Amino acid sequence: MASRRRPCAPCDLIATAVAVVVVLSCLSGGASAAAPAPSFGDNFEITGAEDHVKTSADGQTWYLYLDNKTGVGFQTKERYLFGWFSMKLKLVGNDSAGVVTAYYVRDRMCSDVDAAPQRDELDFEFLGNRTGQPYIIQTNVYHNGVGGREMRHSLWFDPTADFHTYAILWNAKHIVFFVDKVPIRVYPNDASKPGSNGFFPVSKPMYIFSSIWNADDWATRGGLEKTDWAKGPFVSSYRDFAADACAWPAANSTAPPPACAAATGDSWWDQPPAWALDDAQRLDNAWVGRNVLIYDYCDDRKRFPTPPEECALRNAATAS
């Protein structure tokens, strides 16, 4: 069930991420000039084949193309420690077996040679399927290079018909994966040892990535369904990116960590209402568990005869 490592090479990429530039309009002579909305390129850089990316006329929507030669991705120019990250995606339509669209947060750029061994990573992976079959959304969490914490859900709508919002809330208390404001997964920290356990990422600032790539060795029915390249190219669409988060100095900067990295409580995502689900969110999360949950690593006794320690914490968090 463990997801395979995504390729991290220019020709088969995976990648990238999401941040919004804040634009201030200047006042002159009492009149304000409307500032143009930041384009996608203001926030991201392409990782991989640039000819596999197209942009809408207003620069607000990007289209990533996968063919039998290569996939492509993009990543934020900034990195963050804690915050709220969201984007709207419209997934590949029709026959998408073997195709994976990924949206994830990771502490290393894809160009880093040592990106994988000790990485922290928070994953959305959308697993394509044959025409007429539902998409599966897989989430995963890596800490210090250790993953294997997959959950899989079916979606309760057609993600290829229109754009839908996928978001991650990450603070020192928990990580929550949202689909259209519905919390499909809660991944809590251990309050008794919040910075020293073996499963929760708290110390490494991360970039945000998205990508489209071929994974027909595992993505659809365990690799039984292969990508039909005659149906390509496969196109995923992205828009309305947002990051309300603690921006971190560049990797080569000597600047000290920002104050927001110390859990000051100054940001909404680092205040008590964001530390746990509210009553309505708990009801939504319970509905997801009853109706669209396909696989939960915490219940897989073949892989984990003794459930990992974070599983008991999650049950307590969603029930409280």
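Trainee: Why is Phe 199 called buried?

Mentor: A residue is buried under 20% relative accessible area, exposed over 50%, and partly exposed in between (1.4 Å probe, protein chains only). Phe 199 has 1% relative accessibility, so it counts as buried. Please note that this is a predicted model, in which local features need pLDDT of at least 70, side-chain atom pairs count only at pLDDT 80 or more, and totals for chains, interfaces and linings use all residues. Residues are numbered from 1 along each chain as its sequence is written, and side-chain values use heavy atoms, with hydrogens and water left out.

Trainee: Which residues does Pro 307 contact, leaving aside its neighbours within four places in sequence?

Mentor: They are Cys 298 and Arg 301; a contact requires heavy atoms within 4.5 Å.

Trainee: Which residues does the UniProt annotation "active site" cover?

Mentor: The unreviewed entry names Glu 121 and Glu 125. UniProt positions are given in the numbering used here, feature names are shortened, and annotations may be inferred rather than shown by experiment.

Trainee: How do you know whether Glu 121 is buried or exposed?

Mentor: The relative accessible area of Glu 121 is 1%, so this residue is buried. Glu 125, at 0% relative accessibility, is therefore buried too.

Trainee: What joins the side chains of Glu 121 and Arg 119?

Mentor: A polar contact of 2.7 Å joins them. The term applies to a pair of N or O atoms within 3.5 Å; within protein, one must be able to donate a hydrogen and the other to accept it, and residues adjacent in sequence count only if both atoms are side-chain atoms.

Trainee: Why is strand β10 described as largely enclosed?

Mentor: Strand β10 (residues 136–142) is largely enclosed by the rest of the structure because 6 of its 7 residues are buried.

Trainee: What makes β9 and β10 a pair of strands?

Mentor: Two strands pair if DSSP finds at least two bridges between them. Here 7 bridges join β9 to β10, and the two run antiparallel. In this pairing, Phe 124 stands opposite Thr 139 in β10. Strand β10 is also joined to β11 (residues 151–154) by 4 bridges, again antiparallel.

Trainee: Why is the pair of Phe 124 and Phe 177 called edge-to-face?

Mentor: Rings of Phe, Tyr and Trp (its six-membered ring) pair if their centres lie within 6.5 Å; planes under 30 degrees apart are stacked, over 60 edge-to-face and the rest tilted. By this rule there are 24 aromatic pairs. Phe 124 and Phe 177 lie 5.3 Å centre to centre with 90° between the planes, so the pair is edge-to-face. Phe 124 lies in β9 and Phe 177 in strand β13 (residues 174–179), so the pair ties together parts that are 53 residues apart in sequence.

Trainee: Where is Asn 129, which UniProt lists for "glycosylation site"?

Mentor: Asn 129, listed in an unreviewed entry, is in the loop between β9 and β10. Its relative accessible area is 15%, and therefore Asn 129 is buried.
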